[in-house]
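Here are some notes for a first reading of this structure. Please keep the sequence and the model side by side while going through the points.

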Amino acid sequence: MGSGISQGAGLLLAIVWAYCGFRLGGFAHRPTYGKRRRAARASIGWLLFGVVGVGAQAVGTAMMLSAGWEFGGDLVWVALPVLLLPLGFVLRSSWPLLRRAARTEVFDRAEPVAPEDRTAAANPRLVVPVQATAVGALFSFYAVFLHRALPPFAVDTVILLALLAAATMALWLRQQRRQQKAANATRRRLPLVLLKRVAVFAIVVAGLVGGIVYGGQASRLPGSVDMHAGGPDWGGGTEGAAHAHHGGGAGSGSTTSVADLTGPRTGTPDARFTLTARATTVRLSSGELVDGWTYNGQAPGPELRVREGDLVQVTLVNRLPRAGVTLHWHGLDVPNAEDGVAGVTQDAVQPGQRHVYRFVAEQAGTFWYHSHQVSDESVRRGLFGALIVEPRDAAGEPARELTVLAHKWKLRSGRYVDALGVADRLRRERVVAGSRMRLRLINTSNRAAALGLSGTPFRVTAIDGVRLNRPTELSGVQLDLAAGGRYDVEFTMPSRAVRLLDLDKPDAALVLSPDGRGDAAPLSAEAPRFDPLHYGSPARTPFGAGSEFDRRFEMILDDRPGFYDGSFVFGFTINGELAPHAPTFMVREDDLVRVRIVNRSDVVHPMHLHGHHVLVLSRNGTPSTGSPWWSDTLNVRPGESFEIAFRADNPGVWMDHCHNLDHAATGMMMHLAYTGVSTPYEMGRASGNTPE
Ligand code: C2O
Ligand code: CU
């Protein structure tokens, strides 16, 4: 998006302009006409440099704008005015004055400058516009890099312009005083000047250091984190009657507790599992070792297979030496209390403890489970596995299927390795030619997985556990799978080999063939990306772009360097804030909700809403025209905006976060909460509940 360049350049620009201002401030004190003219010429050079820099900022803004108003509107409204306004004054008043000084004929270069000329050189009209541009450039840097404005932008514009006006006024008064003095002193007393500068420098440094230390301290999260600290966002709808904040303290009215929103407490389960978390050394197929955490000593954890409609009971036992653990059923829309988010829907299961989950598997498809306590580290180490819900009616199911979990393992050596399951080397499977084959692809890593299937045409038959309507045959396209997302692909096994590979690590490949030998040419890393937006055929959906929505939310994803919980991070924000300060989207049961997600940052964010599947309405303004595209983990790339919709039909407090779990761990998360539902659980150091 080019913003990275212009962001970094913004600070440089401020420095250049500050230096220009500094030079012009000393202009009145050039002792001779010769030195004075030289100074004027050099300053012109620096000013030109500064003007070119402003031009570059404008170009950067135009580039952002080309992606759409939502990506550059704030720059136009907020970052540019504070830069262009003072620059106008520079061009109107400083520039001609400086040009005149640079062009004056000098007869005797050593001749001392006459007092009236010194006064003229200290003219505020010459000096102050340049200094004001430096201040404006600093504000602009702030608005581009440190805190991008959210709509409506006018508020930020007014505030920054007012501050700029005040700063300019102060600089003007200061320069007027200096002008009065300029006539008297031929030479400023050097020691005094030096002392003053050292003092100013010391104050600035002390201020900066103090600010950083304070910022770091102030960002430390309290022992008990109020997950709704960012306040409610009602999405333009009416407020609920009930008080929805957590804690259940005084005045909370009649609320439902998350703890009561369980699956069926009685009844004999149709499927029963026990998953025991323990520390395990995981061996990849290359022999590399990982200090893993696993369920049942397996990495990935055991594949849980159940049938649609089954009452599922899973007992989680924690035998890890230190960390807490939970089970989150990623993509399966279970009742809130079964969702497995530490600090929101339960307490983390500490070593030695156990927890029982019970829910009815109501959707057939490809899902996965993982711990949602310190999920970034836990998932990376191996606390995850596939959860497959077979359809109630098995007629027409493929003869054979394989589940492939694309994962990024952190080796003992500290290196990261991409693998399919634990296979970081070629893996072979025999498949009977002519049989129908399904691959269930699950991305359990933190980055989008670029998967390539070659040797056969194929169809993408499901996304995020939801079947697509009449998918057409594809070949030569790569499958860019969101972190946490799933694709099912199906094909008829040819008589020759079929190859599935991770394009980022071509030797981690799965080769299927009837005789266990042979290979297919790998898909090119340049192959175009599969795009669900126009894939398959439309079908009826319970709501769509034309529906009447009860609430509309804006979700602006961006980046911001700063502090998070005591350490400096390059954080990714939702609506300008890091957790827990991002707003909580508030809904009432049965609301029809529309969300616009805009990614203004430079990296992709796979956004995952718990407890609901969302229908994609459009991307970058282009309506979805293929099969209904339901998603639970949506890759939002830089410069993309999505309109999505969902029915609020699963009461609770639900996490909504980036499934690049290290983004989530540094604050890229928020909640969707139903009015009248509160959680008795707490997040933070005191409770030991750290969902990310
Ligand atoms: Cu797969 Cu909130 O997680
Ligand atoms: Cu992210």
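1. How many helices and how many strands does the secondary structure of the chain come to? The count is 10 helices and 34 strands. Bear in mind that this is a predicted model.

2. On overall dimensions, the C-alpha trace spans about 100 × 65 × 50 Å along its principal axes. The chain has 692 residues, and 55% of them count as buried.

3. The number of salt bridges is 41. One of them joins the side chains of arginine 600 and aspartate 74, at 3.7 Å from N to O. Arginine 600 sits in the loop between strand E25 (592–599) and strand E26 (605–609), while aspartate 74 belongs to helix H3 (residues 69–79), so this pair ties together parts that are 526 residues apart in sequence. Are the two partners, arginine 600 and aspartate 74, buried or exposed? Both are buried.

4. A salt bridge also links aspartate 565 with arginine 685, with an N to O distance of 2.8 Å. Aspartate 565 is in the loop between strand E22 (551–564) and strand E23 (567–574), and arginine 685 is in the segment after strand E34 (677–678); the pair therefore ties together parts that are 120 residues apart in sequence. Aspartate 565 is partly exposed because its relative accessible area is 22%, and buried would require under 20%. Arginine 685 is also partly exposed, at 49% relative accessibility; exposed would require over 50%.

5. Glutamate 429 and arginine 427 meet through their side chains in a salt bridge of 3.0 Å, N to O. Arginine 427 is partly exposed, its relative accessible area being 27%.

6. Which residues form a positive surface patch? They are Arg30, Lys35, Arg38, Arg41 and Arg109. To place one of them, arginine 30 is found in the loop between helix H1 (3–25) and helix H2 (33–66). With a relative accessible area of 33%, arginine 30 is partly exposed. A patch residue needs over 30%, so arginine 30 passes that cut-off.

7. Finally, the cysteines. The disulfide count is 0. Cysteine 20 counts as buried because its relative accessibility is 3%, and cysteine 658 is buried at 0%.

How values were computed
Residues are numbered from 1 along each chain as its sequence is written. Chains are lettered from A and ligands numbered from 1 in the order in which they are written. This is a predicted model: local features need pLDDT of at least 70, side-chain atom pairs count only at pLDDT 80 or more; totals for chains, interfaces and linings use all residues. Side-chain values use heavy atoms; hydrogens and water are left out. Patches are made of residues with over 30% relative accessible area and no salt bridge: like charges are joined within 9 Å, nonpolar side chains (Val, Leu, Ile, Met, Phe, Trp, Tyr) within 5 Å. Accessible areas come from the Shrake-Rupley method with a 1.4 Å probe; for residues, only the protein chains shown count as cover. A salt bridge is a side-chain nitrogen of Lys or Arg within 4 Å of a carboxyl oxygen of Asp or Glu. Lys and Arg count as positive and Asp and Glu as negative; His and the chain ends are not counted. The place of a charge is taken as NZ of Lys, CZ of Arg, CG of Asp or CD of Glu. Helices (H or I, at least four residues) and strands (E, at least two) are DSSP runs, numbered from the N terminus. Buried means under 20% relative accessible area, exposed over 50%, partly exposed in between (1.4 Å probe, protein chains only). A disulfide is a pair of cysteine sulfur atoms within 2.5 Å.
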